[in-house]
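Please examine the sequence and the structure before reading on.

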Amino acid sequence: MGTEVVVEGLTMSFGTQNIWQDVSLTLPAGEVSVMLGPSGTGKTVFLKSVIGLLKPERGRVLINGVDMVNSPEREIYETRKLFGLMFQDGALFGSMSLFDNVAFPLREHTRKKESEIRRIVMERMDMVGLVGAEQKLPGEISGGMRKRAGLARALVLDPQIILCDEPDSGLDPVRTAYLSQLLIDLNAQIDATMLIVTHNLDIAATVPDNMGMLFRRRLVTFGPREVLLTSDEPVVAQFLSGRREGPIGMSEEKDAATLAREQRTAPAYAPRTPAPQLEPSPGLPPRAAVQRRRERVLGMLPRLPEAARAAILQSYAPAGPIGGTAS
Ligand SMILES: Nc1ncnc2c1ncn2[C@@H]1O[C@H](COP(=O)(O)OP(=O)(O)O)[C@@H](O)[C@H]1O
Ligand SMILES: [Mg+2]
């Protein structure tokens, strides 16, 4: 089962440039979470801080009692082995076959025999639908296949926590839909805690159990998916509807006069009922996190905004005549 990640009061700066401050959130064990935010808000920096590759100036990241910010480097190094990382561009070695790329962490970090490595690599290639492409070079395949190879590589060390940095970048909508399903299927198969950084609204709307958003050096909110999806907070609503009108501008932040002018002319944003969350593909086990999440979320219901509460209750209501229960 996946491992819980607790982030407390994390603040990060490079020199005098503050990236974000006082970020606190919990990635519940085995659940899928998405972090949204305009470009340059420090989402990649956040992922790197969670695995202890960057050192925030304040705060803690607790995983099994190890603080990825302040614990001794040895403990951080050991804990980092729990992670699988999928980078923005797949980050494959161009001169190596997909097989060798996926096998790389096993050859680097374990003493497994080549026959065992082959078994694990082929199993992971199968999970991401790449069987038959093992001998191809990264340059010979599509962007979507490269992403999936990057994901297979992130999976070979049996991670308990998976971090994906913009797994959809450069993919068309159809391939993004396949990727969304793949992420849910993976979660059903390995029950890892997952954090996905993305701009993609379809992934945000259909994949995660929980969602947060970084904006203006703050975590706007983090919680059950329904909280963000029904939020009337201007920055969240603008981001989720992909509109130009709102606090997010070309240079990230607009001036007050522009905002006021827009507010007089733009139609009001009406949050819609959240789309149902994706279910694992037929034949796969149910996601173990679903039951845990239900208890957790129902327990926090009294503290949630009205619209989120209604959406959650609706999603947990017995299935109607059409479709199943969304979790
Ligand atoms: N190693 C670094 N040194 C200095 N500044 C950095 C470093 N890494 C990222 N930054 C700065 O941090 C900010 C956030 O970057 P990033 O996390 O890549 O944003 P996002 O992933 O949300 O698009 C940017 O202004 C970037 O220039
Ligand atoms: Mg980034």
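## Overall organisation

What percentage of the contacts in the protein chain with a separation of 6 or more is accounted for by residues 24 or more positions apart? In this predicted model, such residues account for 66% of those contacts.

The protein chain has 12 helices and 10 strands. It comprises 327 residues, of which 50% count as buried.

## The nonpolar cores

The largest nonpolar core holds 48 residues. Within this core, the residues that touch the most other members are Leu 36, Leu 98, Val 121, Leu 151, Leu 183 and Met 213. Apart from this core lies another, made up of 30 residues, including Ile 51, Val 61, Met 68 and Ile 161.

When its neighbours within four places in sequence are left aside, Val 121 is in contact with Phe 99, Val 102, Ala 103 and Leu 106.

## The packing of α3 and α5

Helix α3 spans residues 98–109, and helix α5 spans residues 143–155. Their axes come within 7 Å and cross at roughly 30°. Angles under 35 degrees count as roughly parallel, and α3 and α5 are therefore roughly parallel to each other. The crossing of the two helices is right-handed.

On the side of α3, the contact is made by Leu 98, Asn 101, Val 102 and Pro 105. Helix α5 contributes Ala 149, Ala 152 and Arg 153. Sorted by class, the contact of α3 with α5 has 5 nonpolar residues, 1 polar residue and 1 charged residue.

Methods. Residues are numbered from 1 along each chain as its sequence is written. Chains are lettered from A and ligands numbered from 1 in the order in which they are written. This is a predicted model: local features need pLDDT of at least 70, side-chain atom pairs count only at pLDDT 80 or more; totals for chains, interfaces and linings use all residues. Side-chain values use heavy atoms; hydrogens and water are left out. A nonpolar core is a set of buried Ala, Val, Leu, Ile, Met, Phe, Trp, Tyr and Cys residues joined through side-chain atoms within 4.5 Å. Buried means under 20% relative accessible area, exposed over 50%, partly exposed in between (1.4 Å probe, protein chains only). Contact means heavy atoms within 4.5 Å. Axes are lines fitted to C-alpha atoms, for helices over the stretch in contact, and angles run from 0 to 180 degrees between N-to-C directions. Helices (H or I, at least four residues) and strands (E, at least two) are DSSP runs, numbered from the N terminus. Angles under 35 degrees count as roughly parallel, over 145 as roughly antiparallel, 65 to 115 as roughly perpendicular and the rest as oblique. A crossing is left-handed if the near helix is turned anticlockwise from the far one by less than a right angle, and right-handed if clockwise. Ala, Val, Leu, Ile, Met, Phe, Trp, Tyr, Cys and Pro count as nonpolar, Asp, Glu, Lys and Arg as charged, and the others, Gly among them, as polar.
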